[in-house]
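Welcome, and take a moment to turn the model around before reading on. The report below is meant as a friendly first tour.

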Amino acid sequence: MNHLFKTMLAVSCWVTVVNADFLTAERVAVFEPSKFDPAGTQPSLVFLNELKEQGAVPSDWKVRPVFSMEDGRSVAVFPVEEGTDLYGTGEVTGPLRRNGLDVTLWNTDNYCYQKSEGKRLYQSHPWVMGVRTDGSAFGIIADSTWKQSIDLSDGIRFVSDGPAFRVIVIERESPLELQKALGELTGTMALPPLWALGFQQCRYSYFPDTRVKEIVDNFRDRQIPCDVVWMDIDYMDAFKIFTFDASRFPDPKGLNNYLHDKDFKAVYMIDPGVKAEPGYFVYDQGSKGDHWVKTASGAEYNGDVWPGACAFPDYTRPETRAWWSTLYKDFMVLGVDGVWNDMNEPAVFNGPDGTMPEDNRHRGGGGLPAGPHLRYHNVFGMLMVKASREGILAVNPDKRPFVLSRANFLGGQRYAATWTGDNKSTWEHMKMSIPMSLNLSLSGQPFNGPDIGGFEGNCNAELLGHWMALGAYYPFSRNHASNHSVDQEPWAFGEEIEAVCRTAMNRRYRLMPYLYTLFRQASEEGTPVMRPVFFADAKDPELRDEQQTFLLGGDLMIVPRWAANMDFPMGDWDRVRLEDADDGYQPFVLLRPGAIVPMADVIQSTEDYSTERITLLMNPDQAGHATGRLYDDAGNGFGYQEGDYAVHRFTCAKMDDQMLKVRIEQIDGKRIVKRQYRIGYVNDDSVQYSDWFDGPEFELRLRSDRITTVDYSLFPSMYVSADFNEWNPAALPLNYFGNGAWRSEKLFLPSGAHELLFTMLKDQPFKLWGRAQGLSGTAAPVKPEKQKTIRFSVAEAGDYLISFNQESGAYAIAPAPKIEYLSIVGSATSVGWNPQGIPLEQDQDNPHRYRWSGALGEGEFKFHTSSGDWGEGEWICAPESGRQDLSKADFMITTDAKGPDNKWVITQPGTYSISIDLEQKSISFLRK
């Protein structure tokens, strides 16, 4: 806990009624505590405009805060009525439904999400969405940039290390309307250039420039659609920003011209850390202009990042932001298309908690008061990307800027897109990416996505195939790997996975008319591109925690092939078959009843994008009605602001009991488009295409629906109904691993005798398996009226895993592994003696087994089970003391850094494969 301001605030706990509350817009209330001093938190960086009083808060206003001070910290608490589901809180790990979560808002460089169990990541969004049982929604903003936390374990509780702060409460009839209201207050994202919606390929790092050319050539030669290649820090001269390595990138303008000739765009990384080196032009300019963040004593603050000791711009100063903007002039004219602002939490390798000291000084200006880093840390990245965007726009006033930022704050969607940082190449992180991206979307940032394939660790063919197939539907779609991971380009694992990736990207580009329309809507109204399924029916409680499946806009539902036990909205959501053959990786795409979705032809980049031929995927509802829209403009520039765009509306209605009529009309914009259409009539797991026509009307025969709900037979389902969950299968869904294999999460079983059944559906016994005895064996199908169970006993109470294969009937109840995370650390690894290490991959079939493959140099290593703290967790060490070679097949485990510190030694550098079986207590090393 920080106590910088305890002298300013009462130490004793006090509770007050609010001093001032008012409406600032329709159904938007502002509440201020009695000891509120605007100078402590204002002006706000969250809102587009100052919040002015528009009237009194009605007496029947439901959501009201109770303010207090506790141990020098400012607190605002909101009671929550029973049955309310909570969402938002920005970028943290965890489930979609946030109830019970405790989040710290302190932007942190969090490699592999290891610090604080991923509950403190790169961005801060002091925002919570609540959805009541009747489907109405409210949102709460804690208007403070100071370090704070959000505790959702009992109601909603904001706690700040800074002065007392005001809160803003928004009331709306639905979650979607609440998102629009949030956009009205905090601003919406700017419409991005169309190319930024294309697929993007990145690695830390592609170098030299010949390697970059090789990557783009492969995409074009292999006919895999892609728009962007990214340059990480290795393009720089000694990691100095706004420079180029003369040997690796001797002709950056020539390289960018080559990329443009191949219809690729180039995005380059720019970090905030400026190497403190006299003679380096950026450092000299910054020093001359007095642009650096200061220590508490007023000296220039230096902290280590990639170049070594660095100074950091004080972006709270308008003069500094203006200077920073000018640095992009000579950079962008080299043909750079977009900018990647990374490490801007800010990350400082040798700083406290990986960042600047909290008492560093920011001098402010232009309305921002001077203050400590404790106040401005969370908006450091936001202010940086604001200045970056302004600088890029000044160089290229006729192009839409594209900036990607790792760090940001609520409202920062106005300046930059984002991604979810340094994730891992694991199934867990792939599945986790959906609720992470959804809650970022619900926190006002629609342009987001994770690193496809995972950043750290070694991806494999199966994981890459499924992640690329899923990645076609993220708003921001980029494959990205670390510098010591295996290659994970689409062709890295052979022709089968390459074909999977090609199909996935063909889907994304065919859906580009719909996707671009969604981005236009997001820029106009603040609506999320990627949405939780409960947006389809906010009153359905079964949908509130569905986090494997999601909506793309309001009309398409995306169901990954590994997803199981899903809850679907009511209605005839029909599958859209986009290819003749099914590769087993592509998610199911379901079209909402009553929806029309525009789709284009396959292209290789958005340079070829055209709406001259549009397929209208159509799923009429039971009344024969359907609607949809298509937005179209030049794809770049700002002509759309002067009316150079077109919005077309598509409607379908019954002519009679046998025929439908589709009508096409332009409802907005001055852009004139000549276009051909065809109808893709989606019905009962098939698509029937019409002939092409010019419009504006088309008639076709009505098709009757055989299935009037989601076709559940397409999707895997398995639950456990047992005495230890009160025979409630909904309480214990199993995870699906393909080929009929299922496994539970870790669950506690009391000692003694138990009974269970496996069932395909939670609501009714569609199919049951039982009639067996023992901790393992073969279950047999049983009839619902004769529910003969599986009977077994456990000798010791503890955590267990239940596995089942529905094809063979084989089941097992076995102790859960005590270790759930394992990394390799040591001087022989690329990260050295870093407590975070390099994560190993947990085996999907056997969770007791871990694997890793990668380069090891001369040196020593061992294995660590913690999230990055030397003193936590367990160590897997060599079985003997001294410099242990790799011949031993066993190991020893020590706890809390106690016991022998035995290490393995590498004398022959090379690529090694390591396998550890914790159950068998065996280890193997293989040098390739």
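## The chain as a whole

This is a predicted model, and its protein chain contains 12 helices and 64 strands. The C-alpha atoms fill a box of roughly 80 × 80 × 65 Å along the principal axes. How does the radius of gyration of the protein chain compare with that of a compact globule? A compact globule of 928 residues would have a radius of gyration near 30 Å, and the chain has 28 Å, so the two agree.

Buried residues account for 61% of the 928 residues. When contacts between residues at least 6 apart in sequence are considered, 69% of them join residues at least 24 apart.

## Surface and charge

The protein chain exposes about 34100 Å², and carbon and sulfur atoms supply 47% of that area.

Helix α1 covers residues 175-186, which makes 12 residues. From its first C-alpha to its last it reaches 16 Å, close to the 16 Å expected at 1.5 Å a residue. Its buried residues are Pro175, Leu178, Gln179, Ala181, Leu182, Gly183, Leu185 and Thr186. What do these buried residues of α1 pack against? The partners are the strands β3 (28-33), β9 (127-131), β10 (137-142) and β13 (167-172), together with the helices α9 (427-441) and α12 (512-525). Just after α1 comes Gly187, with a positive phi of about 95°.

Helix α5 spans residues 318-326, and Thr320, Arg321, Trp323, Trp324 and Ser325 are buried in it. The cover over these buried residues includes strand β16 (265-270) and the helices α4 (281-288), α6 (328-332) and α8 (380-395).

Phe207 and Pro208 are joined by a cis peptide bond with omega about -5°, and Pro208 sits in the loop between β14 (200-203) and α2 (209-222). The peptide bond from Glu345 to Pro346 is also cis, with omega near 5°; Pro346 belongs to the loop between β20 (338-341) and β21 (361-362).

Thr89 has a phi near 65° and lies in the loop between β6 (85-88) and β7 (102-105). Cys112 has a phi of about 60° and is found in the loop between β7 and β8 (123-124). Are Thr89 and Cys112 buried or exposed? Thr89 has a relative accessible area of 1%, so it is buried, and Cys112, at 3% relative accessibility, counts as buried too.

## Arg120, in the loop between β7 and β8

Arg120 is placed in the loop between β7 and β8. Its relative accessible area is 11%, under the 20% cut-off, and therefore Arg120 is buried. Which residues does Arg120 touch, not counting those up to four places away in sequence? They are Val92, Thr104, Trp106, Thr108, Asn110, Lys115 and Asp353. For a sense of distance across the model, Arg120 and Ala634 are 514 residues apart in sequence and 40 Å apart from C-alpha to C-alpha.

Thr527 lies in the loop between α12 and β29 (530-532). With 1% relative accessibility, Thr527 counts as buried. Leaving out residues up to four places away in sequence, Thr527 touches Leu176, Lys180, Pro446, Gln521 and Ala522. Leu178 is one of the buried residues of α1.

Met599 is part of strand β34 (residues 595-599), and at a relative accessible area of 1% Met599 is buried. What is Met599 in contact with, once its neighbours within four places in sequence are set aside? The answer is Arg510, Leu511, Pro513, Leu578, Arg613, Ile614, Thr615 and Leu617. Met599 and Gly680 are 81 residues apart in sequence, with their C-alpha atoms 9.5 Å apart in space.

Definitions and conventions. Residues numbered from 1 in each chain as written. Predicted model: local features only at pLDDT ≥ 70, side-chain atom pairs only at ≥ 80, totals over all residues. Heavy atoms only, no water. Helix = DSSP H or I, 4+ residues; strand = E, 2+ residues; numbered from the N terminus. Rg over C-alpha atoms; globule rule 2.2 N^0.38 Å. Buried < 20%, exposed > 50% of the residue type's maximum accessible area, 1.4 Å probe, protein only. Contact = heavy atoms within 4.5 Å. Areas by Shrake-Rupley, 256 points an atom, 1.4 Å probe, with all protein chains shown as cover. Expected span 1.5 Å × (residues − 1).
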